[in-house]
Amino acid sequence: MAQFNSSSLKKIGVFTSGGDAPGMNAAIRSVVRAAISSKLEIEAVLQGYKGMLKGEFAPLNLRSVANTIQRGGTFIKTGRSPEFHQPEQRQKAADHLRARGIQALVCIGGDGSFTGAHLLWKEQGIPYVGVPGTIDNDIYGTDVTIGFDTAVNTALEAIDRIRDTAASHDRLFIVEVMGRNSGFIALDVGLAGGAEAVFIPESPLPVEAVIDKIQAGVKGGKTSSILIAAEGQKPGRAYDLAESIRKKSGFEAKVCILGHIQRGGAPTAADRILGSRLGAHAVDLLHQGVCDVMAGVRNGQLINLDMSQCLAQRKVIPQGYLDLVDRLR
Ligand code: ADP
């Protein structure tokens, strides 16, 4: 864990970066109010690294975060900035921060955003703490990320509706949920939604195996089924799956792609609480001179993990979930 001299810490910055996630506002609110309660000034860096490169900042006070905890998205905006991959651009960003008097940062985002902040620390000595905010839950070292619970519940609500129509028409549905490199959303949604099978990038399931399951279900008197597919590297892959199932078995599957509706909406209580806990924790770590770490939660307890470790490892899916989906179908 890296340390810096925090005795002269007066002003910190907070930014959200990469994909937005419900609960980010709760985390920003917590950072702002915890900072002020610790006698620190606090400013937003607008639009993530984009704003850092353009020098776009906004001072925040207790009232700036009033009425934000229940809102989805991020009111200080997020962004993606390919320029930030270049060291000379990071130097420019650091110059803007120093000119503004921002001495340390709280970075709310996913592993891409953490990588940017880690490089800014290594090259420019700007201390930071990372707060995991992504609906995908694919960050190593924390049990859960901000936004995941809301995304799962949003997808689940849609699936419950689809189930009504699937049951009424004796239909097979494939529902595609988000998750480019990871199947966390698909797994939770599959288990909570009573799915027949779940397709995830980490543990690909052959189409033939799914057809066998559907056929066994039909023999057992099942009239409708729901399959969940994580989008993987190819959003829209559920159509390919449906086509492949049709060609190999004759079963006609309806496809529903949930897409961006999974990102928005009011955060659940769990995400508001997680955002509130992690935001204040990040400020406390900076106050203590701890940096280059991720603030996370493990077994319900607040932890901090060295960022190099966090970035070097891949979070593994709960294997038991896949087996349980299969056992309970
Ligand atoms: P997330 O943080 O949700 O994983 P991204 O991967 O899109 O989202 O990353 C967000 C931003 O972080 C990028 O647009 C870029 O500005 C910065 N970033 C990502 N990867 C790197 C990297 N390897 N080096 C420097 N900056 C990076």
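Reader: Is C256 buried, partly exposed or exposed, and what is its relative accessible area?
Author: In this predicted model, C256 is partly exposed, with a relative accessible area of 21%. Buried would mean under 20%.

Reader: Where does C256 sit in the chain?
Author: C256 belongs to strand β10, which covers residues 253-257.

Reader: And which residues is C256 in contact with, leaving aside neighbours within four places in sequence?
Author: With those neighbours set aside, C256 has contacts with I162, I174, V175 and E176.

Reader: Let us turn to R171. Where is that one found?
Author: R171 lies in the loop between α5 (148-169) and β7 (172-177). R171 is partly exposed, at a relative accessible area of 27%.

Reader: How far apart are R171 and T223 in sequence and in space?
Author: They are separated by 52 residues in sequence, while their C-alpha atoms are 7.0 Å apart in space. T223 is also one of the residues in contact with R171, and K254 is another.

Reader: New topic: which domains is the chain divided into?
Author: Domain 1 comprises 2-147 + 267-312, and domain 2 comprises 149-263. The contact between them takes 12 residues from domain 1 and 11 residues from domain 2.

Reader: How much area do domain 1 and domain 2 bury between them?
Author: The two domains bury about 1000 Å², with 52% of that on carbon and sulfur atoms. I135, D136 and T268 supply 46% of the area that domain 1 buries against domain 2, more than any other three residues.

Reader: How many salt bridges are found across that interface?
Author: Zero salt bridges are found between domain 1 and domain 2.

Key. Residues numbered from 1 in each chain as written. Predicted model: local features only at pLDDT ≥ 70, side-chain atom pairs only at ≥ 80, totals over all residues. Heavy atoms only, no water. Helix = DSSP H or I, 4+ residues; strand = E, 2+ residues; numbered from the N terminus. Buried < 20%, exposed > 50% of the residue type's maximum accessible area, 1.4 Å probe, protein only. Contact = heavy atoms within 4.5 Å. Domains from an automatic or database assignment. Buried area = accessible area lost by both parts, 1.4 Å probe. Salt bridge = Lys/Arg side-chain N within 4 Å of Asp/Glu carboxyl O.
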